[in-house]
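Subject: Model handover

Hello,

Here is the model you asked about. Please open it next to this message and follow along.

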Amino acid sequence: MPDAVAIVGAGVAGAAAAIRLAERGVPVDLYEAVPEPRPIGAGLLLQPTGQRVLAAMGLLDGALALGVRVDRLFGDTPSGRAVLDMSYRRFHADAYGLGIQRGALMDLLWQRVRELGIAWHCGAAVEDFEQDAGGVTLRVAGRAPARHAALILANGSFSRLRQRMKVAQHARPFAWGAVWTVLPAPAGFPQVELRQRFRSASQMLGLMPVGKAAAGDTAQGINLFWSLPVAELEGWAGRTALAALKRQMCDLFPGVAPLLAGLHEAAQLREARYADVWMARWHDGRVLAIGDCAHGMSPQLGQGANMALIDAHELAAEADGGDWRAVFARYTRRRRAHLRFYGQASKGLTPMFQSHAVVAPWLRDRFFGWGGRLPYIHQQSIATLAGVKTGWLWGRLKL
Ligand SMILES: Cc1cc2nc3c(=O)[nH]c(=O)nc-3n(C[C@H](O)[C@H](O)[C@H](O)COP(=O)(O)OP(=O)(O)OC[C@H]3O[C@@H](n4cnc5c(N)ncnc54)[C@H](O)[C@@H]3O)c2cc1C
C-alpha cells in the first residue's frame with residue numbers, strides 16, 4: 001500500500017500543509033501546476049492566529065524581518081466619518097497584524113519545503129483522481145498515473161478537482177473583484193495602519209504597509225487595493241486610461257497622491273477575482289480540501305491566507321496513525337466552528353463593502369463607527385479580525 005500523501009497546489013495552504021505533515025514524519029508529494037513558481041501575489045495581513053502557525057514552523061522571525069507590524073485598521077468616508085477604527089492592542093497588549101507580501105511569505109514557505117526534502121513536482125497539473133479502498137490514483141498531465149495513500153486538494157477557489165469529491169458544495173464567483181499592486185512607500189508615508197476609504201460600497205481604496213519583497217531589499221512596499229465590479233475588470237486597462245483611474249483614486253482619497261507617483265503603467269496593476277466556496281464537509285474518504293479550495297471567501301476580513309495556515313496546522317495535529325479517512329473526518333470536526341463562523345461573517349460583510357447596494361453601506365456608515373466605540377462591540381470586532389472567533393457570541397480558537 002502507498003504511504004505518501006499527495007498535496008495538489010503549492011500556495012499558502014499546500015506548502016504549509018506539506019511542511020506541517022513532513023515535520024510529523026509523513027511522506028509527502030507536492031504537485032504544482034506552474035513550471036517555475038515565482039514569489040508573486042498581493043500583500044497579505046497575517047493575523048495573530050496565522051502568526052502562531054508561522055512560529056510553530058520556525059518561520060515567524062523570518063516573516064517579521066520582511067513584513068511590517070500593523071497596529072490599527074482605520075476606514076472612513078470622504079466626509080470624514082469613521083467607519084472602522086480597530087486597534088490590535090485592544091485585543092491583546094502584544095497583538096498586531098503582520099503586513100507581508102505574498103511573494104515574501106511564499107519564499108519562506110518554499111525554502112522550508114526544500115529544507116525538509118519534500119518531493120516537489122513543478123509543472124505537474126493534476127487533472128483527475130480516483131479513490132478506492134487502498135488509496136488514491138492521480139492523473140497528472142504528461143506523466144504516468146501516481147498512487148498515493150491520500151490526497152489533499154489545496155489548489156484554490158476555482159478548483160475543478162473539488163467537484164470530483166462526493167460532497168455537497170458550491171463555488172459562486174463574486175460579482176466584484178479588485179486591481180492591486182505593491183508600490184514603494186514615499187518618505188514619511190504612514191507605515192503602521194491598514195487604511196481604507198469608502199464611498200458607499202461602490203468605491204473602496206485600501207492601503208497597507210507590506211514591507212520588503214526579499215531580504216536585502218531596502219524599499220518598503222505599500223499594497224494598494226482598488227475595488228472594481230468583475231464586469232469592469234474584463235479588459236479594464238484597455239478602456240480606462242491609467243490617468244483617469246489615478247484621478248478617481250485621488251478624488252476618493254487625496255492622501256494617496258504621493259504613492260501614486262510610483263504607478264506609471266497599467267501593467268503594474270494586477271487583477272484579483274474571488275469565489276465564495278461552501279462545502280457541507282471538507283473530506284470525502286481519502287480526499288480532503290483545504291485553503292481557498294475548501295472555503296474561498298472575499299478578502300474583506302483578511303483571512304484567506306490566515307485560514308490556510310490554520311488548516312495546515314490543525315490537519316497535522318490530527319495526523320497520527322495511517323488511517324487517512326479517520327484523520328480527515330476528525331479534521332472536519334475540528335475545523336467546523338471556526339470555518340463556518342468566518343464563512344458567514346465574510347458573506348454578511350461583503351455587500352457592505354463591495355456592491356451596488358445602497359442600504360447596507362448606509363447602515364455601515366451610520367452604525368459601525370458608533371458601535372465600534374462600545375467596548376464589547378470593539379472587542380468582538382477585533383477578535384473577528386484577529387481570526388480567533390468560532391461563534392457569534394462566544395467561542396475562541398485554541399491553537
Ligand atoms: C487582493 C487580495 C488580497 C488578499 N488579502 C488577504 C489578507 O490580507 N489576509 C489573508 O489572510 N488573505 C488575503 N487574501 C487571500 C489569500 O491570498 C488566499 O486566501 C490564499 O493565498 C489562498 O491560498 P491557497 O493556497 O488556498 O490557494 P492559492 O494561493 O490559490 O494556491 C493554489 C495553488 O494551486 C496551484 N494549482 C491550481 N490547480 C492545480 C492543479 N490542477 N494541479 C496542480 N496545481 C494546481 C496553483 O498554481 C497555485 O499555486 C487576499 C487575496 C487577494 C487576491
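First, the ground rules. This is a predicted model, in which local features need pLDDT of at least 70, side-chain atom pairs count only at pLDDT 80 or more, and totals for chains, interfaces and linings use all residues. Residues are numbered from 1 along each chain as its sequence is written, and side-chain values use heavy atoms, leaving out hydrogens and water.

Helix 10 with helix 11

Two packed helices are described by the angle between their axes and the distance between the axes. Helix 10 covers residues 304-318 and helix 11 covers residues 324-353. (Helices are DSSP runs of H or I with at least four residues, strands are E runs of at least two, and both are numbered from the N terminus.) Their axes lie 9 Å apart, at an angle of about 150 degrees. (Axes are lines fitted to C-alpha atoms, for helices over the stretch in contact, and angles run from 0 to 180 degrees between N-to-C directions.) Helix 10 and helix 11 are therefore roughly antiparallel. (Under 35 degrees counts as roughly parallel, over 145 as roughly antiparallel, 65 to 115 as roughly perpendicular and the rest as oblique.) Their crossing is right-handed. (Right-handed means the near helix is turned clockwise from the far one by less than a right angle; left-handed means anticlockwise.)

The helix 10 side of the contact includes Met-307, Ile-310 and Leu-315. Among their partners in helix 11 are Val-327, Phe-328 and Tyr-331. (Contact means heavy atoms within 4.5 Å.) The contact residues divide into 9 nonpolar, 1 polar and 6 charged. (Ala, Val, Leu, Ile, Met, Phe, Trp, Tyr, Cys and Pro count as nonpolar, Asp, Glu, Lys and Arg as charged, and the others, Gly among them, as polar.)

Helix 2 with helix 10

Here the axes come within 8 Å and cross at roughly 45 degrees. That makes helix 2 oblique to helix 10. The crossing is left-handed. Thr-49, Gly-50, Val-53, Leu-54 and Ala-56 in helix 2 meet Asn-306, Leu-309, Ile-310 and His-313 in helix 10. This contact has 5 nonpolar residues, 4 polar and no charged.

Helix 13

Helix 13 spans residues 375-386 and has 12 residues. Its first and last C-alpha atoms are 16 Å apart, close to the 16 Å expected at 1.5 Å a residue. (The expected span is 1.5 Å times one less than the number of residues.) Among its buried residues are His-378, Ile-382 and Leu-385. (Buried means under 20% relative accessible area, exposed over 50%, partly exposed in between, with a 1.4 Å probe and protein chains only.) What covers the buried residues? The cover includes helix 2, strand 5, strand 6, helix 10, helix 11 and helix 12. Just after helix 13, Gly-387 has a positive phi of about 85 degrees.

Helix 4

Helix 4 covers residues 102-115. Its buried residues include Leu-105, Trp-110 and Arg-112. Gly-117 follows helix 4, with a positive phi near 70 degrees.

Two residues

Gln-196 sits in strand 15. Gln-196 is buried, at 12% relative accessible area. Beyond neighbours within four places in sequence, the contacts of Gln-196 include Leu-73, Phe-74 and Met-204.

Gly-156 lies in the loop between strand 12 and strand 13. At 22% relative accessibility, Gly-156 counts as partly exposed.

Best wishes
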